[in-house]
Amino acid sequence: MIIVMKNNASEKSKNYVMNKLNEIGINYNITNIKDKLIICCTDYDKIKHGDISFLKRNKDVVNLIDISSSNKLVYKNENKLKTIINIDDVRIGADELVLIAGPCAVESKEQIKETAHFIKEHNAKILRGGIFKPRTSPYSFSGIGLKGLEYIKEACEETGLKNVCEVLDISDISAMKDYVDIFQVGTRNMYNYPLLKELGKRDKPVLLKRALSGSVEEWLMSAEYILLEGNHNVMLCERGIRTFNTYTRNTLDISVVPYIKTISHLPVIVDPSHAAGIHNLVPPLAMASVSAGADAVMIEVHSQPDKSLSDSEQTISLQEYAKISGQLLEIKKLLE
Ligand code: PEP
Ligand code: MN
C-alpha cells in the first residue's frame with residue numbers, strides 16, 4: 001500500500017500517521033515528491049489485518065493506493081505475463097486458437113465416439129462432455145455417471161483428442177483423474193472453495209467457469225484458491241452472466257475477455273453455448289469471442305441436436321460446427 005500525504009501537513013498529523021503505523025508494526029519508507037509525502041508500506045499481511053481506517057479519516061491523506069494485487073498469483077507481473085497450459089501437443093494460452101467441442105452430456109459410447117471422430121476432422125483439439133450434469137431441476141437428466149469415463153477415454157484414444165469433463169464433487173476426483181485431461185468446475189461451483197482447494201493439490205489443468213453472478217474479482221479469487229495450493233494450470237471460462245435481459249439464457253460478457261487478459265496471465269476461454277442458450281446465436285458469439293482475444297472456444301455440438309438429452313436448444317449440429325470451426329480459425333489468422 002502507498003499512502004500519499006500532503007507535504008504541508010502539520011508535523012503532528014505526519015507523526016500521528018507514522019506512530020500508528022509503528023504501533024501496528026507496518027514497515028515503511030518515506031519519499032518526498034513535489035508537494036506530496038509518499039509513504040510506501042510493504043507488510044501486506046499486517047495491512048490486511050490491521051485497522052487502517054485512521055488513514056481514511058485523516059484529512060492530510062490524499063490517496064491510498066492498494067498495490068497488494070501484485071502480490072496475488074492470478075495477476076500479471078513482470079515475471080509472469082502469460083500462462084501456457086500444455087497437454088501433450090495441445091497448448092492453451094499460446095498464440096493458437098484451441099477449439100473444444102462436444103455434447104452437453106455424454107449419452108452413450110456411440111454418441112461420444114461419433115462426435116469425437118467428427119470434431120477431430122474439423123479442427124477441434126479437445127472433446128467436451130459431462131457425466132454429472134448439474135441441472136436446475138432435479139427432475140431433469142443428470143448424466144450417466146462414472147461409466148461415461150470409459151466412453152470418453154475410448155473416444156480420445158481413438159482420435160487423439162484431449163478431453164474436459166466437469167467434476168461436481170470432491171469425492172469424484174479420484175475416480176475421474178485417470179480419464180480426464182482437464183477438470184471443469186461449473187458455474188454453480190465457482191464458490192465451492194473446498195473443491196477448488198482440492199483441485200489445487202492435483203496436477204491436472206482446471207477450467208474454471210464464471211459464476212452466474214460472479215464479479216471479475218470473485219472469479220479471479222476463486223482461481224487464486226487453486227493456484228495457492230500449487231496448481232498453476234488454470235483457465236478462466238466466461239459462459240455468460242445473469243443480467244436483466246431475458247432474450248438470451250445469459251448475457252455474454254464479451255468485454256471481460258480483453259479485460260482479463262490485461263490484468264491476468266491466465267488463459268481465457270469462452271463458452272458461447274451456455275451464454276446464448278439459443279443455437280443460432282452460438283456462431284456469431286463464438287466469432288466475437290475469437291475477435292476479443294479468447295484463447296479457446298468451447299461449443300456444445302450433437303449429431304441430432306433435437307434429441308440431445310440436455311441443453312438441446314443451444315446445441316448446434318455437427319455440420320454447423322464444421323462450418324464455424326473453419327471460420328473461427330480464419331478470424332484468428334486475421335488477428336495475427
Ligand atoms: C456445461 O458446460 O455443461 C455446464 C453445465 O456449464 P455451466 O456450468 O456453465 O452451466
Ligand atoms: Mn450444457
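Donors are N, O and S atoms within 2.8 Å of the metal (3.2 Å for Na, K and Ca), and because water is not among the atoms, sites may look incomplete. In this predicted model, the protein donors of the manganese ion (ligand 2) are Cys104 (SG), His274 (NE2), Glu300 (OE) and Asp311 (OD), which lie 2.1 to 2.4 Å from the ion. Along the chain, these donors follow the spacing C-x169-H-x25-E-x10-D. Cys104 belongs to the loop between β7 (98–102) and α4 (109–121), whereas His274 belongs to helix α10 (residues 272–276), so the pair ties together parts that are 170 residues apart in sequence. Helices (H or I, at least four residues) and strands (E, at least two) are DSSP runs, numbered from the N terminus. Both Cys104 and His274 are buried, where buried means under 20% relative accessible area, exposed over 50%, and partly exposed in between (1.4 Å probe, protein chains only).

Because the model is predicted, local features need pLDDT of at least 70 and side-chain atom pairs count only at pLDDT 80 or more, while totals for chains, interfaces and linings use all residues; side-chain values use heavy atoms, with hydrogens and water left out. Residues are numbered from 1 along each chain as its sequence is written, and chains are lettered from A and ligands numbered from 1 in the order in which they are written.

The protein chain contains twelve helices and 15 strands. Its C-alpha atoms fill a box of roughly 80 × 45 × 40 Å along the principal axes. Of the 336 residues in the protein chain, 51% are buried. Contact means heavy atoms within 4.5 Å; among contacts between residues at least 6 apart in sequence, 68% join residues at least 24 apart.

Two helices illustrate how such elements are covered. The expected span of a helix is 1.5 Å times one less than its number of residues. Helix α4 has 13 residues and reaches 19 Å from its first C-alpha to its last, close to the 18 Å expected. Its buried residues are Gln111, Ile112, Lys113, Thr115, Ala116, Phe118 and Ile119, and their cover includes β7, β8 (124–128), α5 (147–159), β14 and α12 (318–335). Just after α4, Asn123 takes a positive phi of about 75°.

Of its 18 lining residues, the closest to its centre are Pro134, Arg188, Arg249, His274 and Asp311. On a 1 Å grid over the protein atoms alone, a pocket is an open set of points with protein on both sides within 12 Å along at least five of seven lines, a cavity is a set where a 1.4 Å probe fits but cannot get out, and lining residues have an atom within 4 Å of a point. The largest cavity holds about 40 Å³, and a volume is the space filled by probe spheres set on the points, which are joined across faces, edges and corners. Strand β9 (residues 162–166) gives the most to the lining of this cavity, with three residues.
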